[in-house]
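Here are my notes for you, written as numbered points. Keep the model open while you read and look up each residue as it comes.

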Amino acid sequence: IKEIGVDNYEEYINVISLAILFDLRDEVTEISTKEPLNDRLTDILMAHSSVGKELRFKEYYGSFCDYLDGIIDVRQFERYMNEEWYKSSEGMYWYDSHKSGEDIYTGYWSWLAAACLKVKKEVTHGTVQYIPYDVI
């Protein structure tokens, strides 16, 4: 995981999320202290001080930060994931990949949502189809 290169913010968030889920956070600590893509969300996930840092892409990642900051509770977060997250992902490269004639669909998993639940020590098995609860 130390060798993974990231080309954009979404990839960076996924690397951090997977590191958290598989207990490899220390493996990306060196990357996260040097990465220019750091913001409020990455700092919270990596347990760094996020005081004064702005969140990139607030429209898409705002609910994740709100949950991590305690502004919304787990039920509100799961409601967001069930009702709004997939629709808000329309600009992502994987959106509607299940409709492709190519063999590219791998599922609609939000590694970030699962990582947020793990960071908050919320290990119950919920009912959100987009959260891979088994890896928390």
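1. The buried residues of helix α4 are Y60, Y61, G62, S63, F64, C65, Y67 and L68. "Buried" here means under 20% relative accessible area, while exposed means over 50% and partly exposed is in between, using a 1.4 Å probe and protein chains only. Helix α4 covers residues 58–68, and since eight of its eleven residues are buried, it is largely enclosed by the rest of the structure. Helices are DSSP runs of H or I with at least four residues, strands are E runs of at least two, and both are numbered from the N terminus.

2. A word on where this comes from: the model is predicted, so local features need pLDDT of at least 70 and side-chain atom pairs count only at pLDDT 80 or more, whereas totals for chains, interfaces and linings use all residues. Residues are numbered from 1 along each chain as its sequence is written, and side-chain values use heavy atoms, with hydrogens and water left out.

3. What covers the buried part of α4? The cover includes α1 (9–21), α3 (40–45), α5 (74–88) and α6 (111–119). Contact, by the way, means heavy atoms within 4.5 Å. Just after α4, look for G70, which takes a positive phi of about 80°.

4. Now go to α6, where L112, A113, A114, A115, C116 and L117 are buried. These residues pack against α1, α3, α4 and α5. After α6 comes K121, with a positive phi near 60°.

5. Next, the largest nonpolar core, which has 41 residues; L41, Y61, F64, F77, M81 and W85 touch the most other members. Helices α1, α3, α4, α5 and α6 each supply at least two residues of this core, and α1 gives the most, with eight. A nonpolar core is a set of buried Ala, Val, Leu, Ile, Met, Phe, Trp, Tyr and Cys residues joined through side-chain atoms within 4.5 Å.

6. Pick out F77 and see who touches it. Leaving aside neighbours within four places in sequence, F77 is in contact with S63, F64, Y67, I72, A113, C116 and L117.

7. Is S110 buried or exposed? This residue sits in the loop between α5 and α6. S110 counts as buried, because its relative accessibility is 4%. Not counting residues up to four places away in sequence, S110 touches F64, M81, W85, Y130 and P132.

8. Compare that with N8, in the segment before α1. N8 is partly exposed, with a relative accessible area of 32%. The C-alpha atoms of N8 and L37 are separated by 7.7 Å, although the two residues are 29 apart along the chain.

9. Finally, step back to the whole protein. There are six helices and zero strands. The C-alpha trace spans about 40 × 35 × 25 Å along its principal axes. Buried residues make up 42% of the 136 residues. Of the contacts between residues at least 6 apart in sequence, 50% join residues at least 24 apart.
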